[in-house]
Amino acid sequence: MYHALLFFHVLTAFLLGAAVVMFSSFVLGGPINRPSKLVAEILWGVGGVGTLVFGVWLALNRPEYEICDGWIIAALVLWIVANGAGARASRDLQPSADGSAITVDRRAAFAHWMRVLWVVLLLLDMVWKPGA
């Protein structure tokens, strides 16, 4: 059971990473069209929910981990903050009518780069598990 949960937790983390890469391309000037934005949002949603569900399930499944461990609480907080920044960035990044590059306003770019920061910190927290 542990290996299956870990596999799906890591798989959904890769989906999150793919979404961050797609949104980064939008912020850096790549064309935003409806299908590509929809794919990025689906990856972000499935990756976010999956990492949360499988991560909590892993923490409850393993006797050496407690849901109240500092690194797990930090991961939950970082997940919430990343999703808040992601929602702001996603709302402000709208597809252009013809699929050409658009100008991204500074607030959307800032929200996106904050999401990148929170996701990187979340990854570091998951890899090194400070305090575990």
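Predicted model: local features only at pLDDT ≥ 70, side-chain atom pairs only at ≥ 80, totals over all residues.

**Entry: overall fold.** I looked up the secondary structure and found 4 helices and 0 strands, which read along the sequence as α-α-α-α. The C-alpha trace spans about 55 × 25 × 20 Å along its principal axes. Of the 132 residues, 36% count as buried, and the accessible surface comes to about 7,600 Å², with 73% of this area belonging to carbon and sulfur atoms. When I took the contacts with a separation of 6 or more, I found that residues 24 or more positions apart account for 78% of them.

**Entry: His 112.** Is His 112 buried or exposed? I found that His 112, which lies in helix α4 (residues 106–128), has a relative accessible area of 0% and therefore is buried. Leaving aside neighbours within four places in sequence, I listed Val 20, Phe 23, Ser 24, Val 27 and Ala 89 as the residues in contact with His 112. With one of these, Ser 24, the side chain of His 112 makes a polar contact, side chain to side chain, at 2.8 Å.

**Entry: Ser 36.** I then turned to Ser 36 in helix α2 (residues 34–61), where the relative accessibility is 17%. Because buried means under 20%, Ser 36 counts as buried. With the neighbours within four places in sequence again left aside, Ser 36 is in contact with Met 22, Phe 26 and Pro 31.

**Entry: charged pairs.** How many salt bridges does a search of the whole structure find? It finds 4, and I wrote down some of them.

- Glu 41 and Lys 37 form a salt bridge with the closest N and O atoms 3.3 Å apart; being 4 residues apart in helix α2, they are separated by about one helical turn. Glu 41 is partly exposed at 31%, whereas Lys 37 is buried at 8%.
- Arg 88 and Asp 92 form a salt bridge at 2.7 Å between the closest N and O atoms, and they too are 4 residues apart, in helix α3 (residues 70–92), so about one helical turn separates them. Arg 88, at 29%, counts as partly exposed, and Asp 92, at 27%, counts as partly exposed.
- Glu 64 forms a salt bridge with Arg 62, the closest N and O atoms being 3.1 Å apart.

Lastly, I noted that the mean positions of the 9 positive and 8 negative charges are 8 Å apart.

How values were computed
Residues numbered from 1 in each chain as written. Heavy atoms only, no water. Helix = DSSP H or I, 4+ residues; strand = E, 2+ residues; numbered from the N terminus. Buried < 20%, exposed > 50% of the residue type's maximum accessible area, 1.4 Å probe, protein only. Contact = heavy atoms within 4.5 Å. Areas by Shrake-Rupley, 256 points an atom, 1.4 Å probe, with all protein chains shown as cover. Lys, Arg positive; Asp, Glu negative; His and termini not counted. Charge placed at Lys NZ, Arg CZ, Asp CG, Glu CD. Polar contact = N/O pair within 3.5 Å; in protein donor to acceptor, adjacent residues only side chain to side chain. Salt bridge = Lys/Arg side-chain N within 4 Å of Asp/Glu carboxyl O.
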